[in-house]
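Here are my notes on this one, in numbered points. Have the model open while you read.

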Amino acid sequence: MSDVVYDGREVKRARYAVAAVFAVHGAVTGSFATRVPWIQDHASVSAGQLGLALAFPALGASVAMPLAGGITHRFGARNALRALIALWTLALVLPSLAPNLLTLCLALFVYGATAGMADVAMNALGVEVENRLDRSIMSGLHGMWSAGAVLGSLGGTLAAQLGTDARLHHLLAAAVLTILGVAACAWVLDLQPAQDEAPPPRFALPPPSALLIGAVGFCAVFAEGASLDWSAVYLRDELEASDGLAAACTMGFTLTMAVARIAGDKVVDRYGAVRTVRAGGVLAAVGGLLIVVANQPALAMAGFGLMGLGIAVVVPLCFAAAGRSGPNPSLAIAGVATITYTSGLVAPGAIGGLAQATSLVVSFGLVTLLATGLAVFAGVLRTAERKSAAVGRPEAAVPDPRP
């Protein structure tokens, strides 16, 4: 992108605008996730079939994400984000319209494709704002995504409790969120490609430096996807909770993630990336154990809350570590993104398939095992920790005058 000069006030305003877009993006996800049981019943699909269908958003995202860079290069960052966030919010209406498994899979593929492209565009602008502010904001931006997911989940919980048809609920939510998302894009950075800048490559294999970092992200995204898509179904089917209480569990999970992400930048600055992720892995593993042994909804809800708290900041830290892991930061970040989205692709189907063969309890035993991996392999993020330790300390950038 061309090196456009913005004053401090414009950059701060752009930060708030991008944060609002993150919140809108999250609100779509929260609105969808709380109505998964309704969508399952409407489409008349089993747990295994639902697991198959829930793999299609990540599949659509993985296929479409490489297109986002080209769209941004051609139309500029602001126009691209405005169009992509509108497509994503409007795609919310599609899954609830599906009457059977085939149409549900197609709807979720489009839903995921628009989600992935908007995700790439808003994260790229978030990184650009972070660079211009010269301090960490990415965890906070992801916290705004989770805050939006909480608001979307709250609306979905209320709609489920009232027995509202999800088609009407999602139509109204899509209309409101489209207006908010498009309006927020008016203040994001209007970056344009330089005249001699070549279009970005459509596809790129992850470099070796990104593989271990991506593996940590894989564990976190697997646990997040499993909890977000299956928590409501788990409470309803395994613990015989009401639809309203099951939806509230999903909302509680997103709430703990939102709180942890909003506070994440300060926590990482104080304790470092490795210790933060290691402690988070322990919390997530304890949460998984509570889910597996729960004999009542309250205990499982506490487990999902701990799971959200433990995994919240892992993905932002993986992107930070990737960006500092080699000579080509963008390629490393793209590699980590590919791995984490692959996790999102695998998780719903793996949970549903294992549940079909055994039970959802066994499925979340697998989630618990992967959460434990966060504590074991957190050390691969040490690159991000060393860099972040220097951020915010001006003296760290000054060469030592002593021989």
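1. Which residues form one aromatic cluster? Phe32, Trp88 and Tyr111 do, where rings of Phe, Tyr and Trp (its six-membered ring) pair if their centres lie within 6.5 Å, with planes under 30 degrees apart called stacked, over 60 edge-to-face and the rest tilted. This is a predicted model, so to speak plainly about limits: local features need pLDDT of at least 70, side-chain atom pairs count only at pLDDT 80 or more, and totals for chains, interfaces and linings use all residues. Residues are numbered from 1 along each chain as its sequence is written, and side-chain values use heavy atoms, with hydrogens and water left out.

2. Overall picture: the protein chain has 18 helices and 0 strands (DSSP runs numbered from the N terminus, H or I of at least four residues for helices, E of at least two for strands). Of its 403 residues, 52% are buried, meaning under 20% relative accessible area, with exposed over 50% and partly exposed in between (1.4 Å probe, protein chains only). Among contacts (heavy atoms within 4.5 Å) with a separation of 6 or more, 85% are between residues 24 or more positions apart.

3. Back to the aromatics. The whole structure holds 6 aromatic pairs. One of them is phenylalanine 32 with tyrosine 111, a tilted pair at 4.9 Å centre to centre and 45° between the planes. That pair links distant parts of the chain, with phenylalanine 32 in helix 1 and tyrosine 111 in helix 7, 79 residues apart. Both phenylalanine 32 and tyrosine 111 are buried. Tyrosine 234 and phenylalanine 364 have ring centres 5.2 Å apart and planes at 80°, so this pair is edge-to-face. Here tyrosine 234 sits in helix 10 and phenylalanine 364 in helix 17 (residues 360-377), 130 residues apart.

4. Threonine 29 is worth a click: it belongs to helix 1 and is buried at 12% relative accessible area. Leaving out residues up to four places away in sequence, threonine 29 touches Trp88, Tyr111, Trp145 and Leu228. Tryptophan 145, in helix 8 (residues 138-162), is also buried, with a relative accessible area of 12%. With that same exclusion, the residues tryptophan 145 touches include Phe22, His25, Met122, Glu224 and Arg261. Tryptophan 145 and valine 28 are 117 residues apart in sequence, yet 9.8 Å apart C-alpha to C-alpha.

5. Threonine 34 lies in the loop between helix 1 (8-33) and helix 2 (36-43). Its relative accessibility is 3%, so threonine 34 counts as buried. A polar atom of its side chain is 3.1 Å from the backbone oxygen of glycine 30. Beyond residues up to four places away, threonine 34 touches Gly152, Ser153, Gly156, Thr157, Ala247 and Thr250.

6. On helix 2, the buried residues are Val36, Pro37, Ile39, Gln40 and Ala43. They are on the same side of helix 2, because they cover an arc of only 160° around the axis (taken from the directions from the helix axis to the C-beta atoms). Their packing partners include helix 1, helix 7 and helix 10. Serine 44 follows helix 2 with a positive phi, near 55°.

7. Disulfides: the count is 0, with a pair of cysteine sulfur atoms within 2.5 Å as the rule. The closest cysteine sulfur to that of cysteine 219 is in cysteine 318, 9.3 Å away, which is too far for a bond.

Definitions and conventions
Polar contact = N/O pair within 3.5 Å; in protein donor to acceptor, adjacent residues only side chain to side chain.
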